[in-house]
Amino acid sequence: MAFVQVSGKSTKSQLLAIADAASLYCAMVILGLLLIISVKDNYSTDGAVMKGNHFLNRPCDEIYVVGEGETLHTISDKCDDPYIVERNPHIHDPDDVFPGLVIKIVPRNRS
């Protein structure tokens, strides 16, 4: 960019125009990045639908890692295992479940 100088200094209006253009450009870039991130968070590459940060259609493997927003009750319903607490002696308080906790799942209807 070239600055037009009047007696050795840039005029205030030219600097404001440049700052406005830079602000608009930065706002458009940030808006584009937010749009890309929101699309990426809603769909995974393997086709499983996501809501927020956890998979809704995640399989119930024998070794299960608790996701964000999940409780033992929701996992029990989803995986058809009513005895999660009994099979996991490291869980001392069923209300103290957190993302990343590894638990053993044994579904009643194994396929």
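A: Here is a walk through the disulfide and its surroundings. A quick note first: this is a predicted model, where local features need pLDDT of at least 70 and side-chain atom pairs count only at pLDDT 80 or more, while totals for chains, interfaces and linings use all residues. Residues are numbered from 1 along each chain as its sequence is written, and side-chain values use heavy atoms, with hydrogens and water left out.

Searching the whole structure turns up one disulfide, meaning a pair of cysteine sulfur atoms within 2.5 Å. The partners are cysteine 60 and cysteine 79, with S to S at 2.0 Å. They tie together distant parts of the chain, 19 residues apart: cysteine 60 sits in the loop between strand E4 (54–55) and strand E5 (63–65), and cysteine 79 belongs to helix H2 (residues 72–79). (Helices, H or I with at least four residues, and strands, E with at least two, are DSSP runs numbered from the N terminus.) The link is left-handed, with -80° about the S-S bond.

How covered are the two ends? Cysteine 79 counts as buried because its relative accessibility is 3%, whereas cysteine 60, at 25%, counts as partly exposed. Here buried means under 20% relative accessible area, exposed over 50%, and partly exposed in between, using a 1.4 Å probe and protein chains only. Cysteine 26 is partly exposed too, at 44% relative accessibility.

Of its 111 residues, 18% are buried.
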